[in-house]
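Dear colleague,

Please find the structure below, handed over for your use.

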Amino acid sequence: MIGVMNSVEAVITSIQGLSASSEDLSALHDLLRGAQDSLRAEPDVNFSTLDQLDASKHSLGYLYFLEVLTCGPVSKEKVSYEIPIISRFINSCEAGQIRLASDKFVSLCKRLKDHVLELRDPLRGVGPLLTAVQKLQVSTKRLTALHPDLLQLCLQAKSYKSGFSILSDDIVEVDQPKDLFLYCYYGGMICIGLKRFQKALELLYNVVTAPMHQVNAIALEAYKKYILVSLIHNGQFTNSLPKCASTAAQRNFKTFSGPYIELGNCYNDGKIGELEALVVAKSAEFENDKNLGLVKQAVSSLYKRNILRLTQKYLTLSLQDIANMVQLGNAKEAEMHVLQMIQDGQIHALINQKDGMVRFLEDPEQYKSSEMIEVMDSVIQRTIGLSKNLLAMDESLSCDPLYLGKVGRERQRYDFGDDFDTVPQKFSM
């Protein structure tokens, strides 16, 4: 059968005849796997060969040919030629068929990402890769190998809203740990770009606390941004890592993040002059990490934190008093900060433009409007869903032979008989 399949015409005929049912597709997949080496060596295979196939009906076969045609070294001219062909295929292919050869589909999409980056036009890849993720995903709970690539393109193209559209899903299934690290890291950066600091903190936290036997570069860079976003969003720095962080993280993060630890401690002191002096002294290191802009936002947030403290002590203050107390240059700067805080919902206040007085108010939200009830219900439903997923994962793990075997081996090492209470052991999975 493989000998017959070695001719391009025979392969095309098989693709056209075996792309209708799941049984036929399974047989076709076996044939294509056997013929792929000969297709690579066949000089008659070129892009015009694809004209004999319909990308939406013959997606599996089309994918095999396209993967052969686009592999290997490329010139800028070839890159420009291939981008629209790959993009059209992604948009028109049938999801069920390309999932049969998901590794080839992922490889093809990563090639598209490399192509658009080669041309320094990342925006061209955002739409196709967003479609590719949706077609490759069996469930929105599953992280695909293309999620990080899509987010990387969104970052480089500054298309933050497109990237944010896939960050609302609660991921509970992951194949490769590196994909999760990159997904959360790039996702955190996209949320920073949109000033969605709460979500950014959640994603960066996932990287910082992820299991790891040794510190990796992604986790370390995430920790630096985690410190800065904590300052911006929470107005404080905690010197200790979350308890659930790995031993490797606990031992090494602080060693490699000295300037950021110093910045956080200085921020906690609340002295703006010392903080600004530290930023100037360490600016080269922050710039080298491409975090200087985020550092400046952290410095700016200290002014806001100090203004927030004033709302807890005073009912009214003049703008000039605020400027003096938080070490701003003048009343106009104080007004700008107060207005921004009012707009962001951080404080509730009224500014009298005639006399320059600020009156601080109580939170007007009574948490009983229909809109607020919808928000609360949405949060409750998400929590219930996450709880169900967690229980399902726990049940699945408790029946996993590999896990049970490891638990059994560990228990034998500490089996002292019935005189001792059983102590749960910690395992490095």
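Y62 is buried at 12% relative accessibility, where buried means under 20% relative accessible area, exposed over 50% and partly exposed in between, with a 1.4 Å probe and protein chains only. F89 is buried as well, with a relative accessible area of 1%.

Before the remaining findings, a note on the source. This is a predicted model, in which local features need pLDDT of at least 70 and side-chain atom pairs count only at pLDDT 80 or more, while totals for chains, interfaces and linings use all residues. Residues are numbered from 1 along each chain as its sequence is written, and side-chain values use heavy atoms, with hydrogens and water left out.

Aromatic pairs

The count comes to 7 aromatic pairs; rings of Phe, Tyr and Trp (its six-membered ring) pair if their centres lie within 6.5 Å, and planes under 30 degrees apart count as stacked, over 60 as edge-to-face and the rest as tilted. One of them is Y62 with F89, which is stacked because the ring centres are 5.2 Å apart and the planes lie at 5 degrees. This pair links distant parts of the chain, with Y62 in helix α4 (residues 59–70) and F89 in helix α5 (residues 76–92), 27 residues apart. Helices here are DSSP runs of H or I with at least four residues, numbered from the N terminus.

The rings of Y223 and Y226 are also stacked, since their centres are 6.5 Å apart and their planes at 25 degrees. Both residues are buried, and both lie in helix α13, 3 residues apart or about one turn of the helix. Y205, Y223, Y226 and F253 form one aromatic cluster.

Helix α13

Of the 18 residues, 14 are buried. At the start of α13, a side-chain oxygen of N216 comes to within 3.1 Å of the backbone nitrogen of I218. After the helix comes G235, with a positive phi near 70 degrees.

Salt bridges

The whole structure holds 14 salt bridges, each a side-chain nitrogen of Lys or Arg within 4 Å of a carboxyl oxygen of Asp or Glu. What does D289 pair with in this way? The partner is K224, at 3.3 Å from N to O. D289 lies in the loop between α17 and α18 and K224 in helix α13, so the pair ties together parts that are 65 residues apart in sequence. K224 is buried at 7% relative accessibility, and D289 is buried at 18%.

D37 pairs with R40, the closest N and O atoms being 3.5 Å apart; the two are 3 residues apart in helix α3 (residues 22–41), about one helical turn. D37 is exposed at 56%, whereas R40 is partly exposed at 39%. D37 and R40 also belong to a salt-bridge network with E67 and K104. K332 and E335 meet at 3.7 Å, N to O, and they are 3 residues apart in helix α20 (residues 331–343). K332 is exposed at 54%, but E335 is buried at 11%.

Yours sincerely

Conventions: A polar contact is a pair of N or O atoms within 3.5 Å; within protein, one must be able to donate a hydrogen and the other to accept it, and residues adjacent in sequence count only if both atoms are side-chain atoms.
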